Amino acid sequence: MPKRIAVVTTVYRYLTHAQHEADRILVGYPRNGTWHHPDMKIVSLYVDQKPEGDLSEARSREFGFRVCPTITEALRCGGDKLAVDAVMIIGEHGHYPRNEKGQVLYPRYEFFKQCVDVFEKDGRSVPVFNDKHLSYSFEKAKWMVDASRRLGFPMLAGSSVPVSWRLPDMELPLGCEIVDALMVGEGGSDAMDFHALEGLQCMVERRKGGETGVRAVQLIEGDAVWKAGEDGRWSKELLTAALSRSDTPQGLTVKDGRTQDLVRNGELPKLVKNPWAYFIEYTDGLKATLLMLDGAVTDFNFAARVQGLGVQSMQFLLTPEPNVTYSACLVSKVEEMFVNGSAPYPVERTLLVSGMLESCLTSRGLGHKRLETPQLGVKYHAPRESQHARA
Amino acid sequence: MNISRREFIATSAAAPLALEAQKRPKLAAVCTIYFKMSHAQHIVGRFLEGYGWNGTHHHPPMDLVSLYVDQIGKDDLSRERAARFPEMKMYPTIAEALTLGGGKLAVDGVVLVGEHGHYPRNEKGQTKYPRYEFFQQIVKVFRDSGRSVPVFNDKHLSWNWPWAKEMYDVSRSMGFAFMAGSSLPVTWRTPSLEMPAGARVREAVCVCYGGVDSYDFHGLETIQCMVERRAGGESGVKWVQAYRGENFWKACREGVWPRDLMDAALTRSHTLIPARKGFNNVFPSLDDMRRLVKDPVAYQYEHEDGLRSTMLLMEGLVADFNFAARIEGRAEPFSTQMYLPMPDGRTTLANFFSPLVNNMERMFLTGTPTYPVERTLLTTGLTAAGVESLYRKQARYDTPHLAIRYQPTQESTFWRT
């Protein structure tokens, strides 16, 4: 019997996360050199907004699932008891307000809570996947993870960045000693900085002792970011290493095709009008930095200094639209959890990153001051096996 | 002993510097044309400006000191580069570029980039890039100087098989290191897989894109860098047959090439054109492919040891290079993508030129090619044979001249670090 899936989403238009993730259940997806058709069936869909271009009705007609007016009905498939084997919550895209920190108030917690209400009322729980971060609010995100633990259902969340292809195909050894780590990303907050922070986190969580949580964060922007580099607060060597992995330098490369050493040729401040630096201080003393360098590059690159291994660096390959095959990598992990009943990597990663991001944006709102984060003592261990696309 | 501070600096610093200068090879580049995104720009620029390699901005430990450009167009960048890198001088002839204006060969290596530029096409559709003509001028300097240095030839050797063979033969008779080819064999792979050495490969397919006498060569190099690792090494090719248009679809339906390998290759693509509106990544049916691919081309060929390989140009369906093979002892096809970060909107840098330049560097430093030029001799002949079969109304074309036997390198030479 195929697994019966309910999809709970904000909006189902072309190239939204709902479209490319849920469609993979419907039409299959590339996995390990085959076009894989999951033994899963979408039986119901809740979609919060149906703007022009909505595909939910067309999909429902073609693939024979019901579009339900409420989440409860979607999970019960019109009956009076939970009637699905798993739930995908895809709360990305759609029109939702932003708060004063600039966070889009996607109703992921609200959707999740309604699922949990059904689980509690019906006395049975099923695995839940939550696309991207858990909630804009760490408190709500924490509630979500706590609920999954309390009711004992497997939960997976996060970005496709950790599970996509890497150039080179590289993983940090489990238990390595990381001296310093730096991630370079681009794109707006709080969508793309989340992806970049998950990329950073999936690497540093492999360090000796495992993840210990974050004790303080700070977000600075503008010229202060360059000054922090001059002061050695982030490593130019690591930035050089990360940018050496980029396929998308802007400026002179766009003008006449030349390669660039952006750290040394002085172009970086000209290209990046408003850099943001996210400083993450981990409880065990590791310090890591995310630089969001809009205008310099359009890809996501990582570098770390590792004891005994020197500088390690790579690009998280985000394959092009429209295929965005990296989302196939994510869906294969979702399928793995739905089939095996256990998450291939801990949801605590995404919990911590959700909180890091919120606190960084709070720091920005408080005049870029350093913010202690006692609530972010999230401890977990990285999966032993690498989870990125390799086969 | 009293020595002045100046003398101290001179004796302690100058000696290692002189040694360093001695160790840095001097290179000449011989190009057809130099504009943004031309092969010359990608290759020569990496020697001048450096490039991202092994996690740093790497500057090749050698100096590109002379440049010959055959055609200076409106969008020429060579003069801007020469102005910004005064250590590189432009010369009006190939001989002068190699002798630095003197009477004798004065460089330690030559980079020949004969791609792009305005050159006539023949009746078979081959662009007559003057790689052979440039090569002749290069070896004339070698002969006149009584000395030869390593040469790298970008892409295939010559559009004309006898000339290509002569290039190879001359490099052997004169005894200089000679490398050539595409960046496809040396770029990233997703997944990062190598054909196991000594694998018993039964059939191989590449699904790629582009046109005849152009990207077909890249598709052939994609296949060749993998199948050459099979048991016994490369044995040469007996015949080539092209299929185009309706014949392509007929051959596809009849299983002339294995459909499962074609499908496995397609599942490695990151650029499948969606066959259905509103779907971003859906596997195409044969009918979808017919609708999307206006001018499909296949070259199928049989190697001397019985291996059958097929290169499929499916412009309109994919925009990447995907490989699949059937290997004895494996239930599933072996497949990967040779990943080109293509600056067609996806990227700004054609970074697949970085591993190509890095392999050149290693040859210029050691005097030994990092992979056999016989690979590209064979793919040059296969490209011409595919064109010939198309020209002969898609008749099978026997290729006794392609009985090229060689062994692959033990070490993988694709980009992994």
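Two residues are in contact here if their C-beta atoms, placed from the backbone, lie within 7 Å. Under that criterion, and among contacts in chain B between residues at least 6 apart in sequence, 77% join residues at least 24 apart. The model is a predicted one.

The C-alpha trace of chain B spans about 85 × 45 × 40 Å along its principal axes. The radius of gyration of chain B is 23 Å, which agrees with the value near 22 Å that a compact globule of 417 residues would have. Of these 417 residues, 53% are buried.

Chain B is divided into domain 1 (5-181) and domain 2, the latter made of two segments, 185-347 + 371-402. Between the C-alpha centres of domain 1 of chain B and domain 2 of chain B the separation is 31 Å. The contact between these domains involves 17 residues of domain 1 of chain B and 18 residues of domain 2 of chain B. On the domain 1 side of chain B, α6 (161-174) and β8 (178-181) each supply at least two of the residues that touch domain 2 of chain B. The largest share of that side, four residues, comes from β8(B). Sorted by class, the side of domain 1 of chain B that touches domain 2 of chain B has nine nonpolar, six polar and two charged residues.

One residue of chain B can be followed in detail. B:P343 is found in the loop between β15 (334-339) and α11 (353-366) of chain B. A residue is buried if 20 or more other C-beta atoms lie within 10 Å of its own. B:P343 has 20 C-beta neighbours inside 10 Å and therefore counts as buried. Leaving aside residues up to four places away in sequence, B:P343 touches B:M37, B:T348, B:L349 and B:A350. From B:P343 to B:L261 the separation is 82 residues in sequence and 28 Å in space, C-alpha to C-alpha.

In soluble globular proteins, nonpolar side chains tend to be buried together. In this model the largest nonpolar core has 245 residues. The residues with the most contacts inside that core are A:V8, A:V87, B:V30, B:V110 and B:I138. B:V110 touches B:L27, B:A28, B:V30, B:L98, B:I138, B:V149 and B:V151, not counting residues up to four places away in sequence.

Chain A has its own domain assignment, with domain 1 (3-158) and domain 2 (163-317). The C-alpha centres of domain 1 of chain A and domain 2 of chain A lie 31 Å apart. Six residues of domain 1 of chain A are in contact with four residues of domain 2 of chain A. The domain 1 side of this contact in chain A divides into one nonpolar, four polar and one charged residue.

The last topic is the interface between the chains. How many residues of chain A are in contact with chain B? There are 44, and they are in contact with 43 residues of chain B. Several elements of chain A each supply at least two residues of the side that touches chain B, namely α1 (17-27), β2 (29-31), β3 (34-36), β9 (165-167), α8 (236-244), α9 (252-256) and β15 (310-317). With four residues, α1(A) gives the most to this side. By class, the side of chain A that touches chain B has 20 nonpolar, 16 polar and eight charged residues.

Terms used. Residues are numbered from 1 along each chain as its sequence is written. Chains are lettered from A and ligands numbered from 1 in the order in which they are written. This is a predicted model: local features need pLDDT of at least 70, side-chain atom pairs count only at pLDDT 80 or more; totals for chains, interfaces and linings use all residues. Ala, Val, Leu, Ile, Met, Phe, Trp, Tyr, Cys and Pro count as nonpolar, Asp, Glu, Lys and Arg as charged, and the others, Gly among them, as polar. The radius of gyration is taken over C-alpha atoms; the globule rule is 2.2 Å times the number of residues to the power 0.38. A residue is buried if 20 or more other C-beta atoms lie within 10 Å of its own, exposed if 12 or fewer, and partly exposed in between; C-beta atoms are placed from the backbone. Domain bounds come from an automatic or database domain assignment. A nonpolar core is a set of buried Ala, Val, Leu, Ile, Met, Phe, Trp, Tyr and Cys residues joined through C-beta atoms within 7 Å.
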